[in-house]
Amino acid sequence: MNIDYTSFKEENDLVSLIVTNTNVIATGKAEAIDTDGDGLSDDEEIALKTCIGRSATCPDPIDTDGDGYSDFVEHRNRVSGFDPTDPNKPQLPCTERDDSDGDGLKDCEEAFLKTDPHNPDTDGDRLSDHLEILLGLDPLDPTDALGDHNRDGVRNADQIRAHLSPTE
């Protein structure tokens, strides 16, 4: 029996490419320095008393308390029982530290956020889940890339491509 698999083949094309500097955070007025590239500015980390940079007292500056969740995800989800400086919060640590889709979010973080750990762009809006989380958008809403979160007349995706904050 011969089967022609060519009819099942789907070509993939690069539709857009967004390059970003993870050590700079776009704000409404200026750019903030993020030495460890975790999504929290150095000023925020100083205020939170989390690590900045790699040292003996800070083996993993992206995950200060060592529970597997990034400081950024923990800080943004404090109301859900997270704390970037307390390894006992949340109660369920992240033991699987893989990032199956390579989007910058660990699989356990994606489980909490309800995004697909095997798809870097869960909502299909051409912005990675991690980028949307960092910039205050919803990785489960396919329309927010085309929206105008800060009501300045420029679409969110266009602001991101221009290295501007879509929320400030």
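This is a predicted model: local features need pLDDT of at least 70, side-chain atom pairs count only at pLDDT 80 or more; totals for chains, interfaces and linings use all residues.
Me: OK, and where does Asn 156 sit?
Reply: Asn 156 is placed in helix 5, which spans 156-161.

Me: Is Asn 156 buried or exposed, and why?
Reply: Asn 156 counts as buried because its relative accessibility is 1%, and the cut-off for that class is under 20%.

Me: Which backbone atom has a polar atom of the Asn 156 side chain 2.8 Å away?
Reply: That is the backbone nitrogen of His 149, which lies 2.8 Å from a polar atom of the side chain of Asn 156.

Me: What else is Asn 156 in contact with?
Reply: Leaving aside neighbours within four places in sequence, the contacts of Asn 156 include Leu 137, Asp 144, Ala 145, Gly 147, Asp 148 and Pro 166, together with His 149.

Me: Switching to backbone geometry, which residues are joined by a cis peptide bond?
Reply: Lys 89 and Pro 90 are joined by one, with omega at about 5 degrees, and Pro 90 belongs to the loop between helix 2 (71-76) and helix 3 (107-113).

Me: And what is phi at Arg 126 and at His 163?
Reply: Arg 126, although not a glycine, has a positive phi of about 70 degrees, and this residue is found in the loop between helix 3 and helix 4 (129-134). For His 163, also a residue other than glycine, phi is positive and near 65 degrees, and His 163 is found in the segment after helix 5.

Terms used:
Residues are numbered from 1 along each chain as its sequence is written. Side-chain values use heavy atoms; hydrogens and water are left out. Helices (H or I, at least four residues) and strands (E, at least two) are DSSP runs, numbered from the N terminus. Buried means under 20% relative accessible area, exposed over 50%, partly exposed in between (1.4 Å probe, protein chains only). A polar contact is a pair of N or O atoms within 3.5 Å; within protein, one must be able to donate a hydrogen and the other to accept it, and residues adjacent in sequence count only if both atoms are side-chain atoms. Contact means heavy atoms within 4.5 Å.
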